[in-house]
Amino acid sequence: MRRLFRGRYVVPSVLAGAVGLVGLLMFAPGAARAAGTGASTGAAGMRSYATAGTPASGATPTPCTLATATPTTSGSPISYTSLPASCIPPGEQLFAANCSSCHGTDAAGSALAPNLRGVGAGTVDFWVSTGRMPLADSSIQATRKPPRFDRLQTLEIAAYVQSLAPGGVQIPSVDLQQASVSNGGRLFTLNCAACHTITGAGDALYKGAYAPSLHQATVQQIVEAIRSGPGNMPRFGPGNITNQEAADIAAYVHGVIQHPSDPGGFGLGGVGPVAEGFVGLLFGVGLLMLVSFWIGERS
Amino acid sequence: MIDKSLRWLDDRLGVSKGGRTFLDKIFPDHWSFMLGEIALYSFVVLLATGVFLSLYYVPSAHEVIYHGSYAPLRGQRVSEAYASTVGLSFDVKSGLLMRQAHHWAADVFLGSIAVHMARVFFTGAFRKPRELNWIVGITMLILGIANGFLGYSLPDDLVSGTGIRIAYSIIESIPLVGSYLAFFVFGGNYPGNGVIIPRFFVLHVLIVPAVIVGLLAAHLGLLVKQKHTQFPGKGKTERNVVGSPMFPTFMAKTTGFMFMVTAALFLLGGFAQINPIWQFGQYQPYQISYAVQPDWYMGWLDGALRVMPSWEWVGWGHTWPLEVFIPAVLFPGIVFNLFIVWPFLEAKFTKDTAYHHLLDRPRDRPKRTSAGAAVLMLLFMLFCASSTDVLANYFHISLNTVLVTFRFLVVLMPIATFFVTHAICIEMQRAEGVGRRKRAVVVTRSATGEFATYDADVRPGDGHEELEAIPVPTYIDLTPRHLATGPGVRRVMR
């Protein structure tokens, strides 16, 4: 063993190790997630499909706080948040300051950005809470990034946009206790895996667009995305996917994809056998070649 | 007692004579001659773990309700094949370790075959009289790739099912007979009536391994019969073999190596997750996941399919799917046939019909070396092209850009590799003192504190002395001390 550490083996072993480390990092889960210029034309496809619980435009002035924005659970796996009217004025200010330069002061859209009237509070909540809005840059697809607004500000903007026109996607509250992970898995494979991949790692689509990784999405955002169909994603209405099924999918993404019971050692990024082949050749064959180099003659 | 029983056996079978010869068999010691052994011992691990897996795997597409310990799957209708693979992963003690070690062993098996084949190719070990053994080796490589694909498909998970679907299309793309052949293999239109899983199973665990074992015996038998090649060096000629005897040196070394290969494969199996089928779910023909690639040894075929422009020709009342046939049938056919006929092509073009037991240095055969490097580069580029989507997603480039780039790279990189390798070989031939160990520089300090340097004396085995044929006895003999290239090294006549 001592011979292994003599000078002439150090360089090849260190090299092999370094290449291996870089490879592992490349394929490590989440490496791809971090960066990105992405981009976006997504909002064009957002139209209202249903009026599942229009928010109350306040009779009694309830203060706009997170507490008052909490929904009342109603036995169904998905219930909707009603935002008090007191959220609208601060939302209008935030909208004017941050969104109106592209979407217009009345949210009716412009040459740069789509009309937001009638898209619903849930759609706005998805785009703003995932950090996709305001846009980082106007390339092909909006990129997920740390949100600019806190939860309350996000809800205020959503409330303002909702107040402009009725309908659209509402902000859901999902009760995972009533959802079935197993059924969610079946539905996920059927409806989502073709783009987001079966491990939820995401993958490239046509011409620079991509299906994002699902590992950071919150349960609420998952349901909002299903209902509003952001960007290239299809919009699934209650006729395609019922509220129960949407909750099942969210439970699967949250419970299995984001928190997998994952025995078998280091996962290699969930990007398929290319990473496995890389490890097999480098660590398997490479290591054994070093061993044969060690025990064989070298002249 | 042992002596007595052995004598009893010898009186009847005469084993001592052959046994003596076998135990005295000489194996050259160069490290690169052990690459094939990695494949051999990976194959042993494959057989052992495969037997374990076959005890629990159920080769049936019959649907059952899953009731095992993997919660997200409970209550779903899955095939028995899938359910039993998940079951042996989670509900059988050390089952997952065995399955993962089996899969890693397959990856390493084919990887070491590739490396071993590269060694044989670049050193010219395939030349007369070893062309037959080269062909046997290529056949085992093809069978190994095929069996890897079959085994990869057995769990009936979403990712491998996609591969079977592609295989069906590839068979279908063969002109004239394609659709009949596909019906024959799958027992009807895709996905058949669930016959494909049991058929793949029989092929994977019985027929192909049996053929590989037979070919392996031929491969090793020919090696023993023809004796091993060796690199030129002190006392090594076309007429002798210099190395360690089978017993005790080589046997100890190779047994140790077997344990190390096994250890490495089980380390991978224990620490690195491979093919987590429980994440993928059961295959349904109408479902698909993205980011699907085959195992690495099939990757170049997948890459060829991906970079191929969509050429399709309609004529004579048929659609001719050239975009599938050319990359998936014609191209691998050409590659493997080129491998097989290479020794004969080379002999024809170099007009070299002599026996060769001494190996070439790759740089001394620049054309062969650069041709080999170009083919390797082509296959590597195609392998990379099989992950176009993953690369595009990771580097945030357009998928289309990546694909078009690979179309150029697949053509240009091998050509560039050929010329660059050729230039390097020529340069290395011309360089002075190449192939000889650098002479040590001795630094001395005089009594007055002055430093001086000079080259050390040439040491034996440094490659500085002239090679000369040394007459050796026809029977095994300990090499005279002054001729020994290492402790315990012997030489025999061919």
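User: In this predicted model, which residues of helix H8 (residues 178-186) of chain B are buried?

Analyst: The model is a predicted one, and burial is judged here by whether 20 or more other C-beta atoms lie within 10 Å of a residue's own. In helix H8 of chain B, which covers residues 178-186, the buried residues are Gly178(B), Ala182(B) and Phe186(B).

User: Within what arc do the buried residues of H8(B) fall, seen down the axis?

Analyst: The buried residues of H8(B) line one face of the helix, while Tyr180(B) and Phe184(B), on the other side of H8(B), are exposed. What covers the buried residues includes helix H7 (158-172) and helix H9 (196-226) of chain B. Seen down the axis of H8(B), the buried residues line one face because they fall within an arc of 50°.

User: Which residue with a positive phi follows H8(B)?

Analyst: After H8(B) the chain continues with a residue whose phi is positive, near 65°. That residue is Gly187(B).

User: What distance separates the C-alpha atoms of Thr388(B) and Ala291(B)?

Analyst: Along the chain, Thr388(B) and Ala291(B) are 97 residues apart. For chain B as a whole, among contacts between residues at least 6 apart in sequence, 72% join residues at least 24 apart. In the model, the C-alpha atoms of Thr388(B) and Ala291(B) are separated by 9.1 Å.

User: Of the five residues of strand S7 (residues 441-445) of chain B, how many are buried?

Analyst: Strand S7 of chain B lies largely in the open, and this follows from a count over its five residues, 441-445. The number of buried residues in S7(B) is zero.

User: Which residue in S8(B) stands opposite Val443(B)?

Analyst: S7(B) and strand S8 (residues 451-455) of chain B run antiparallel and are joined by five bridges. The two strands form a hairpin with five residues between them, and in the turn Gly449(B) has a positive phi of about 90°. Across this pairing, the residue of S8(B) that stands opposite Val443(B) is Thr453(B).

User: Which element gives the largest share of the side of chain A that touches chain B?

Analyst: The contact takes 57 residues from chain A and 63 residues from chain B. Elements that give two or more residues to the chain A side include helix H7 (181-191), helix H10 (243-257) and helix H11 (273-295) of chain A. The largest share of that side, 17 residues, comes from H11(A).

User: How many residues of the side of chain A that touches chain B are charged?

Analyst: Sorted by residue type, the side of chain A that touches chain B has 31 nonpolar and 19 polar residues. The remaining class, the charged residues, numbers seven.

User: Over which residues of chain B is the pLDDT below 50?

Analyst: The predictor gives the complex an ipTM of 0.82 and a pTM of 0.81. Chain B averages a pLDDT of 88, and 91% of its residues score at least 70. One stretch falls below 50, although in the model it has 16 contacts beyond near neighbours in sequence, and this stretch is residues 464-477.

Definitions and conventions. Residues are numbered from 1 along each chain as its sequence is written. Chains are lettered from A and ligands numbered from 1 in the order in which they are written. This is a predicted model: local features need pLDDT of at least 70, side-chain atom pairs count only at pLDDT 80 or more; totals for chains, interfaces and linings use all residues. pLDDT is the predictor's confidence in each residue, from 0 to 100. Two residues are in contact if their C-beta atoms, placed from the backbone, lie within 7 Å. A residue is buried if 20 or more other C-beta atoms lie within 10 Å of its own, exposed if 12 or fewer, and partly exposed in between; C-beta atoms are placed from the backbone. Helices (H or I, at least four residues) and strands (E, at least two) are DSSP runs, numbered from the N terminus. Two strands pair if DSSP finds at least two bridges between them. Ala, Val, Leu, Ile, Met, Phe, Trp, Tyr, Cys and Pro count as nonpolar, Asp, Glu, Lys and Arg as charged, and the others, Gly among them, as polar. The arc is that of the directions from the helix axis to the C-beta atoms.
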